[in-house]
Amino acid sequence: MAEPHDLTALEQAAAIARGELSSLELAEHHLHRVDALGDTVGAFVTVTAELARAAARAADAAPADERGPLHGVPTAIKDLTLTAGVRTTFGSAAFADFVPPVDADVVRFLRAAGLVSLGKTTTSELGCSLYSEGLVAPPARNPWDLAYTAGGSSGGAAAAVAAGLVPVAQGSDGGGSLRIPASLCGLIGYKPSRGLVSGGPLGSGAFGLPTNGPIGRTVADVAALLDVLAEPVPGEPYLPPVPPPGGYLSAARGAAPGRLRVGRFTAPMLADEPVHPDCVAAVDRAAALLTAAGHEVVEVPPPLGPQVWPLFEVVWYVLALAPVPLERERELLPLTRFLRSRGAGISAGTLTATLGEIQAQVRLGARRTAGCDVLLCPTLASPQAPIGWFTEGRTPEEDFDLQRRFSPYCAVFNVTGAPSVSLPVGVAAEGLPVGVLLTGRYGDDARLVAAAAQLERSSGGWDRHPAVWRSVGSANVNGSGVGRSSR
């Protein structure tokens with residue numbers, strides 16, 4: 001018999017609309033799962049059970065004509081994202097007790113759409129690494145095999161969705177931080193075009209690299225959450241692309257991108273690193289499915305190559321210079337301290353020149369692939385990485401270099417601003433997920449969503465689950481409080 005968490009996010013909302021489930025029942029069911037599995041997979045830093053119950057009751061009381069496609073559905077908010085009145089640690093012991101006075105814009109949008117947040121998901125410290133193994137919560141583990149990382153920096157969001165703790169979650173992506181965890185955990189992680197989703201109300205924009213975005217189990221769920229997040233906000237530094245008629249959910253449901261010219265490559269862009277055969281096989285499978293769907297798949301050179309890494313390196317060092325109280329710097333992790341020490345030595349002139357050279361390289365790369373509607377490549381150079389693999393027995397410098405070699409694709413598309421999605425097309429010999437990256441033209445999110453949905457259909461769907469999925473039964477909805485901490 002199907003459990004509520006077996007339903008997709010859209011199916012859960014439809015069950016609420018039909019009166020088969022209430023939002024409160026769904027919240028209790030998922031909170032029960034969070035209580036049982038949250039620490040096991042390292043999904044949450046803070047669980048806001050009472051706030052979730054109150055939000056669910058409000059969702060149940062809302063008039064039917066005010067309910068959107070995801071109304072009443074449980075979700076979660078990344079711990080890098082400001083949430084008023086709720087502890088937000090940015091993944092760091094230096095901010096272990098920080099409670100923001102304001103919401104990020106995307107948090108307001110989630111609430112306005114009637115979604116019910118269960119809490120704050122685990123992230124890497126200040127978003128600085130592609131694994132989520134800090135001091136404020138258990139490490140984010142891959143629900144498919146707990147010996148492996150769920151990735152980062154949206155690792156807790158991926159762990160929560162893959163373990164059935166929430167059907168969709170908000171995350172952010174500054175160098176692959178949604179797409180890397182999605183690839184590792186068998187999910188869809190979507191990085192929108194620059195400007196499509198607000199990064200406000202605070203922050204500098206970080207050169208346009210990071211953006212908020214959705215992670216989920218199906219393309220339709222991800223598109224529906226993208227519709228929620230992609231609300232225009234005055235004062236944003238980048239002009240948002242025009243949304244498609246009917247929104248991104250309509251594009252996903254139509255799954256009709258038109259005939260595409262797909263540029264395929266597997267050579268890493270930010271490291272001269274051998275690519276695992278399972279990652280290449282996943283690209284080959286995606287290329288075969290796209291060809292069978294009537295698209296033209298052609299080999300192209302990568303937009304950028306490993307020679308640009310020294311330029312990217314300068315930017316990542318500077319991005320680590322988030323404001324931290326001087327007296328709490330010693331509480332930062334070794335990698336964060338290393339990145340910040342390098343960043344502190346970079347002059348304004350060097351940074352300005354580096355950003356200019358990166359833009360010149362991006363222009364050249366765009367011209368190399370100008371004839372393609374979408375690009376297809378691996379998400380990662382290796383399918384998985386064990387917990388502790390980046391840190392144990394390594395210096396911070398070695399850790400950082402290993403991350404570059406593990407993930408030499410995703411960050412390029414943060415620099416270009418193009419929309420990019422990781423799709424769980426492949427399966428490794430051990431049965432673990434393997435993702436591929438589809439990247440569209442800047443502002444062409446609707447066609448990328450449609451192409452992803454078409455690939456999902458032609459592959460037979462990707463909504464499969466790890467063993468932990470069935471390890472927890474239904475909750476007693478009249479039970480007592482759930483969760484490690486609540487505000």
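In this predicted model, helix H9 buries Cys279, Ala282, Val283, Ala286, Ala287, Leu289 and Leu290. These residues cover an arc of only 165 degrees around the axis, which puts them on the same side of H9. An α-helix has 3.6 residues a turn, so residues three or four places apart point the same way. The face of H9 turned away from the buried side carries exposed Pro277 and Ala292. The cover over the buried residues of H9 includes strands E9, E10, E11, E12 and E13, together with helix H15. H9 runs from residue 277 to 292, and its 16 residues should span 22 Å at 1.5 Å a residue. The end C-alpha atoms are 22 Å apart, which agrees. Just after H9, Gly294 takes a positive phi of about 100 degrees.

Helix H12 covers residues 348-368. Its 21 residues should span 30 Å, and the end C-alpha atoms lie 31 Å apart, in agreement. Leu351, Thr354, Ile358, Gln361, Val362 and Gly365 of H12 are buried. Their arc is only 110 degrees around the axis, which places them on the same side of H12. Thr352, Ala353 and Arg367 are exposed on the face turned away. Helices H10 and H14 are among the elements covering the buried residues of H12.

Helices H2 and H3 pack at an angle of about 155 degrees, with axes 7 Å apart. The two helices are therefore roughly antiparallel. On the H2 side, the contact is made by Ser23, Leu24, Ala27, Glu28 and Leu31. H3 contributes Ala49, Ala52, Arg53, Ala56, Arg57, Ala59 and Asp60. Seven of the contact residues are nonpolar, one is polar and four are charged.

How values were computed:
Residues numbered from 1 in each chain as written. Predicted model: local features only at pLDDT ≥ 70, side-chain atom pairs only at ≥ 80, totals over all residues. Heavy atoms only, no water. Helix = DSSP H or I, 4+ residues; strand = E, 2+ residues; numbered from the N terminus. Expected span 1.5 Å × (residues − 1). Buried < 20%, exposed > 50% of the residue type's maximum accessible area, 1.4 Å probe, protein only. Arc of directions from axis to C-beta. Contact = heavy atoms within 4.5 Å. Axes fitted to C-alpha atoms, helices over the stretch in contact; angles between N-to-C directions. Parallel < 35°, antiparallel > 145°, perpendicular 65-115°, else oblique. Nonpolar A, V, L, I, M, F, W, Y, C, P; charged D, E, K, R; others polar.
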